[in-house]
Amino acid sequence: MPKSGEVRRTALPPTFDGIRFEIGRMIRYVQGAAQDPFMKAHTKEVLREFTDVLDKDAQMNGTKALAPELIAVGAIDAWCRAHFCYVNDPPNIEVIQTPQRMVKQTKVPSTVIRDIIQPFYQAMQTVAPAEEVMAYEPPGVCYGDCDEGGILFMSQCACSPVSLKPLRFRFGGHEETLHHVWDRVKAGNDWVDSDLTEEGYGLGDFSKFEHYEEVEVPL
Amino acid sequence: MRVEARSLDTARMADIIVQARKDPLLIDFARLVAVHYGKMVEHFSGAEGKPVSAHNNKTLFLEGLDLWCRSRFNPRNASRSTEDPREIIAQAMNPVYEALSVEDPSTYRKSAGELPAYVGSPDDATATMLGLCATLDISPIRIRLGLQDGVPVRAWGKVYADGKWYDSDINDPALALGEAREFQDYDELEVPLEMEEEAA
């Protein structure tokens, strides 16, 4: 298990044994996060902020209260969609970051990011007024492919003070390969899918494949 | 892993690109720079009423990497210099790694300080930029050569993003992404990024 701030990168194993190895690693990362006080505190905060917004909305619009499990899964999904940016892995290399590292990435101060992307501030001034460009604050984001998106969402579900179980990784593929992964969580009486990797998807949406497999994360 | 090529320089460039795609520093850096450039474009294009989505937009990612390398891998005034493009990236990323190593990164306050000026080989700078593209699977990637009397006199990158090829010559300040100098003749070397690796 990598320490906080570390990341593991391996050559992509092209066989089913290799895929099983990667799945095992994803499960271990979620299990590790479930025991991590940092991840628990972060998830608690995500739920608190989301519940505050829902409470205000209910007061203003008289909307009906949802089941706590659906509120929890909705809060985690919304936080992930606001902070996770999809990027491809390098060819033939599997990059998997721990959920702790991804959550921490979102908390790196904007001043630090701003220093790195300084050349963009100069370039943007050719298309927008200088004062508007200089006022731009880089958002807190993290990055990864479908594995990492799946781990990010699933880890927070595993840390939720409102019980979200069972947790499953779902895999989809064509022609005897599995090439995409997303999450499926039992929220109260409902199974809910979450796939962070497609633009325009919301909670419950997932892509269609020839065949699917599921692996439960033992907690 | 060595790549057969037409000259020693292109073999070295191809090797730098192939190795970059498994370099943790370059992977982290490319992800950060490309995504933040995309976010910035989303922000200002939206404000202009012509929204552009940065969602896995490899053309924007390429543009961001090209822009950054064009700015930082060219001579400029600085108290220190280096011939290694990776050293500039390492110093730029140092505060990010330090922030990630503390319990609450939001409390981190240091900056990278002045980055060293780049005084190394233009071909190394080009190869590093193309290697950053490789880390995001912005590919295929080609090294393009400008020939004079049959002899290669200049090398730059040619990258495929979202269905289109782009020339990237970060060593010529007069050019932008998509532009290249004219030569009598041209040659190209495709960088083999799909080579099998031994599992770690």
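Reader: What makes helix 2 of chain B and helix 4 of chain B partners in a contact?

Author: In this predicted model, B:Leu25, B:Leu26, B:Asp28, B:Phe29 and B:Leu32 in helix 2 meet B:Arg86, B:Ile89, B:Ala90, B:Met93 and B:Val96 in helix 4 of chain B, a contact being two C-beta atoms, placed from the backbone, within 7 Å. These residues divide into eight nonpolar, no polar and two charged. Residues are numbered from 1 along each chain as its sequence is written, and chains are lettered from A in the order in which they are written. Local features need pLDDT of at least 70, side-chain atom pairs count only at pLDDT 80 or more, and totals for chains, interfaces and linings use all residues.

Reader: Which residues touch the most other members of the largest nonpolar core?

Author: They are B:Ile17, B:Val33, B:Leu65 and B:Cys133, in a core of 105 residues, each of them buried, with 20 or more other C-beta atoms within 10 Å of its own. Helix 2 of chain B gives this core its largest share, 11 residues.

Reader: What is B:Val33 in contact with, leaving aside its neighbours within four places in sequence?

Author: B:Val33 is in contact with A:Ile116 and A:Ile117, and also with B:Gly64, B:Leu65 and B:Trp68.

Reader: How many residues does each chain bring to the contact between chain A and chain B?

Author: Chain B brings 49 residues and chain A 42 residues, and helix 2 of chain B supplies the largest share of chain B's side, 13 residues.

Definitions and conventions
Helices (H or I, at least four residues) and strands (E, at least two) are DSSP runs, numbered from the N terminus. Ala, Val, Leu, Ile, Met, Phe, Trp, Tyr, Cys and Pro count as nonpolar, Asp, Glu, Lys and Arg as charged, and the others, Gly among them, as polar. A nonpolar core is a set of buried Ala, Val, Leu, Ile, Met, Phe, Trp, Tyr and Cys residues joined through C-beta atoms within 7 Å. A residue is buried if 20 or more other C-beta atoms lie within 10 Å of its own, exposed if 12 or fewer, and partly exposed in between; C-beta atoms are placed from the backbone.
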